[in-house]
Amino acid sequence: MRHIAENTFRSVPNITSIDLSHNEIMAIPRNLFQHLHDLNFIELQYNRIYALSPDVYRSLSKHTTLFLYDNPIVCNCSAVPLVKWLKGSETWDLRYPTCQSPESLQNQKIHLAELPNNCADLAVELISVATTAIPSVPSHADGTSPSKLELGLLIGVDLGVIIIVCLSCFLF
C-alpha cells in the first residue's frame with residue numbers, strides 16, 4: 001500500500017490499534033487519526049515516511065504508542081515538533097526512529113540527534129531574503145503592506161515547502 005485516504009478510519013471510531021507497517025506509505029494524511037480517541041497503538045514502522053505533519057500527532061493521546069522506526073526520517077526543522085511530541089509522550093517505543101538525512105545525522109536516533117534549534121530564526125531569515133528578492137511586494141486592498149508572516153506564506157508557494165515547514169516551528 002502506498003496511499004491511505006484521510007477518511008479510512010472514520011467508520012470505526014472505537015478502534016484501539018492500527019497496523020500500517022511494512023508498506024510503502026510516504027505520507028500520513030493530517031487528520032487520519034483525528035476522531036480516534038481510544039487509539040493505543042499505531043504501527044507505521046517499515047514504510048517510506050520522511051516527515052509527519054504536526055496535525056497527525058496533535059490528535060493523539062499522550063498515552064498512544066507510535067511505532068515509527070525504519071522510516072527515512074529527514075531530521076530538519078520539520079522534525080522538531082515530532083521530537084517534542086515523542087519526548088512528551090507517556091508511552092513510547094524504545095526503538096526510536098533514526099535520521100535518514102542529512103548525512104551528518106544519518107542513523108542517529110531522532111530524539112538524540114542535534115536538530116536545528118533555530119527554526120523560527122531560519123524562517124524569518126528566509127522570509128527576509130525572499131522579500132528583498134522580489135521587486136514589487138503586493139499590498140492589501142486598503143493600501144497597507146502585508147506582514148512578514150503573510151509574505152512568508154505567499155512566497156512559500158514560490159520557494160517551496162521549507163518556509164511553511166519552518167513556520168510550523170512557531171506553533172510549538
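Predicted model: local features only at pLDDT ≥ 70, side-chain atom pairs only at ≥ 80, totals over all residues.
**Notebook: one chain, looked up piece by piece**

I started with burial: buried residues make up 38% of the 172 residues in the chain. My cut-offs for that are under 20% relative accessible area for buried, over 50% for exposed and partly exposed in between, with a 1.4 Å probe and protein chains only. Residues are numbered from 1 along each chain as its sequence is written, and side-chain values use heavy atoms, with hydrogens and water left out.

**Overall layout**

I looked up the secondary structure next and got five helices and five strands. Helices (H or I, at least four residues) and strands (E, at least two) are taken as DSSP runs and numbered from the N terminus. Reading from the N terminus, I get the order β-β-α-β-β-α-β-α-α-α.

The accessible surface of the chain comes to about 9900 Å², and 55% of that belongs to carbon and sulfur atoms. These areas come from the Shrake-Rupley method with a 1.4 Å probe; for residues, only the protein chains shown count as cover.

I also checked contacts, meaning heavy atoms within 4.5 Å. Among those between residues at least 6 apart in sequence, 59% join residues at least 24 apart.

**The sheet**

Which strands go together? I found three strands in an open sheet, ordered β1-β2-β3, with parallel pairing. Two strands pair if DSSP finds at least two bridges between them. β1 and β3 (65-67) are at the edges with a single partner strand each, so one side of each has no neighbour in the sheet. On average, neighbouring strands here are turned by 5° against each other, direction ignored. That angle uses axes fitted as lines to C-alpha atoms (for helices, over the stretch in contact), and angles run from 0 to 180 degrees between N-to-C directions.

Zooming in, I see β2 and β3 running parallel, joined by three bridges. One residue I looked up there is E43, whose bridge partner in β3 is F67.

I then moved to Q45, in the loop between β2 and α1. Is Q45 buried or exposed? Q45 counts as buried, because its relative accessibility is 5%. Leaving out residues up to four places away in sequence, Q45 touches S21, H22, F67, L68, Y69 and N71.

**The disulfide**

I found one disulfide in the structure, using the cut-off of a pair of cysteine sulfur atoms within 2.5 Å. The pair is C75 and C99, with sulfur atoms 1.9 Å apart. C75 sits in the loop between β4 (73-74) and α2 (80-88), and C99 in strand β5 (residues 99-101), so the pair ties together parts 24 residues apart in sequence. The torsion about the S-S bond of C75 and C99 is about -90°, so I logged the disulfide as left-handed. Both C75 and C99 are buried.

**Salt bridges**

Side chains of opposite charge can pair when their charged atoms come close. My rule was a side-chain nitrogen of Lys or Arg within 4 Å of a carboxyl oxygen of Asp or Glu. How many salt bridges does that rule give? I count three.

The pair I took up to begin with is R2 and E24, with the closest N and O atoms 3.0 Å apart. This pair links distant parts of the chain: R2 is in the segment before β1 (17-19) and E24 in the loop between β1 and β2 (41-43), 22 residues apart. R2 counts as exposed at 57% relative accessibility, while E24 is partly exposed at 30%.

Next is D55 with R30, closest N and O atoms 3.1 Å apart. D55 lies in helix α1 (residues 54-58) and R30 in the loop between β1 and β2, so this pair ties together parts 25 residues apart in sequence. D55 is partly exposed at 21% relative accessibility, and R30 is partly exposed at 47%.

D55 also pairs with R58, their closest N and O atoms 2.7 Å apart. R58 and D55 are both in helix α1, three residues apart, about one turn of the helix. Through shared partners, salt bridges join R30, D55 and R58 into one network.
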